[in-house]
Amino acid sequence: MKIICRISKIPSNEEEWLEKAKEFEDKWSFPHAIAAMDGKHVIIQAPSFSGTEYYNYKQFFSIVLFALVDADYNFMYVDVGTQGRISDGGVFKNTNLYKKMERHDLNIPEPHALRIPYLLKVPYMILADKAFAMNEYTIKPFEGNPEVGSPQRVFNNRLSRGRRVVENAFGILSAVFRVLRKSMALQPEIASKIVLTTIYLHNFLRKRPSCLIYTPPGSLDTEKDGALTNGRWRQEQPTSSLLSMRNIPRRITDHAKTVRLHLADHFVLNDVLPWQNNY
């Protein structure tokens with residue numbers, strides 16, 4: 001059994017998506033970003049009669065939690081329960097979210113130029129890491145370790161800042177809900193329901209005034225003039241569950257490469273952060 005659920009509210013029209021994009025640009029200096037996504041393994045006991053369906057590349061049994069997070073650390077969409085043998089990208093492609101994006105059913109705004117007289121129209125995209133494919137609605141870092149001060153390096157740093165919201169959402173989740181910090185001696189259906197419950201509780205507690213109790217100052221990563229201070233959740237004992245997914249090299253379309261390089265040049269020519277070359 002796989003539980004697929006929308007957490008919070010996926011925007012239903014262009015105006016709401018534009019609000020999400022504005023939050024990312026205002027808080028994380030990344031234009032045209034509408035969400036950040038990631039996936040984690042949740043370790044479980046070997047399910048009955050499942051063979052190797054839930055046995056992953058790290059050689060343990062797990063279900064996968066895929067999540068879409070907004071600029072304020074709230075879960076917008078989750079898919080939990082996929083067998084652990086499937087990669088991040090494979091999990092995403094099996095979601096209703098992916099299918100609707102492929103059909104252009106989500107009313108995401110049409111691409112437009114970042115600046116006049118730019119001719120290239122930049123789509124509204126989800127920030128991803130190297131485990132996912134890059135296409136017209138997802139964007140990920142340049143490979144390798146680009147030279148300091150290069151547009152590619154600046155781009156990777158800017159994208160990393162934006163993706164920090166999903167890292168922190170997962171981090172707070174496992175720090176507070178300790179059931180996610182160890183292997184679950186449960187069948188996948190029950191484990192999925194428990195994970196889903198923690199997501200609901202996270203979003204509920206993030207609403208003010210409970211937000212200041214659930215995530216008090218210092219619990220999340222903070223940044224000043226490019227200097228990063230780790231949130232307290234990173235100082236916790238290493239979790240034995242909620243582990244990172246596998247990075248699999250994936251082909252990138254020429255247009256997606258063009259858009260990414262265009263954004264990288266934009267960050268060093270027209271949208272410069274004072275400290276970005278020292279980040």
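## How the helix geometry is described

Axes here are lines fitted to C-alpha atoms, for helices over the stretch in contact, and angles run from 0 to 180 degrees between N-to-C directions. Two packed helices are described by the angle between their axes and the distance between the axes.

Please keep in mind that this is a predicted model, in which local features need pLDDT of at least 70 and side-chain atom pairs count only at pLDDT 80 or more, while totals for chains, interfaces and linings use all residues. Residues are numbered from 1 along each chain as its sequence is written, and side-chain values use heavy atoms, with hydrogens and water left out.

## The overall picture

Let us start with the whole chain. The protein has seven helices and nine strands; helices (H or I, at least four residues) and strands (E, at least two) are DSSP runs, numbered from the N terminus. The radius of gyration is 19 Å, close to the 19 Å that the globule rule gives for 279 residues, so the protein is as compact as a globular protein of that length. That radius is taken over C-alpha atoms, and the globule rule is 2.2 Å times the number of residues to the power 0.38. Along the principal axes, the C-alpha atoms fill a box of roughly 60 × 40 × 40 Å.

Of the 279 residues, 51% count as buried (buried means under 20% relative accessible area, exposed over 50%, partly exposed in between, with a 1.4 Å probe and protein chains only). The protein exposes about 13400 Å², and carbon and sulfur atoms supply 53% of this area; accessible areas come from the Shrake-Rupley method with a 1.4 Å probe, and for residues only the protein chains shown count as cover. Among contacts with a separation of 6 or more, 69% join residues 24 or more positions apart, where contact means heavy atoms within 4.5 Å.

## Helix α4 and its two partners

Helix α4 (residues 151-176) meets helix α5 (residues 188-205), with axes that come within 11 Å and cross at roughly 110°. The two helices are therefore roughly perpendicular to each other (angles under 35 degrees count as roughly parallel, over 145 as roughly antiparallel, 65 to 115 as roughly perpendicular and the rest as oblique). On the α4 side, the contact is made by Ala 169, Ile 172 and Leu 173; on the α5 side, by Thr 198, Ile 199 and His 202. These residues divide into four nonpolar, two polar and no charged (Ala, Val, Leu, Ile, Met, Phe, Trp, Tyr, Cys and Pro count as nonpolar, Asp, Glu, Lys and Arg as charged, and the others, Gly among them, as polar).

Helix α4 also packs with helix α7 (residues 254-269), at an angle of about 95° and with the axes 8 Å apart. That makes α4 roughly perpendicular to α7. Here Pro 151, Gln 152, Val 154, Phe 155 and Arg 158 of α4 meet Arg 260, Leu 261, Leu 263, Ala 264, Asp 265, Phe 267 and Val 268 of α7. This contact includes eight nonpolar residues, one polar and three charged.

## A few residues to look up

Tyr 73 sits in the loop between β3 (62-69) and β4 (75-83). Its phi is near 70°, a positive value in a residue other than glycine, and at 10% relative accessibility Tyr 73 counts as buried. Asn 107, in the loop between α3 and β5 (125-127), has a positive phi near 60°. At 42% relative accessibility, Asn 107 counts as partly exposed.

Lys 99 belongs to helix α3 (residues 96-102) and is partly exposed, with a relative accessible area of 39%. Leaving aside residues up to four places away in sequence, Lys 99 touches Lys 93 and Asn 94.
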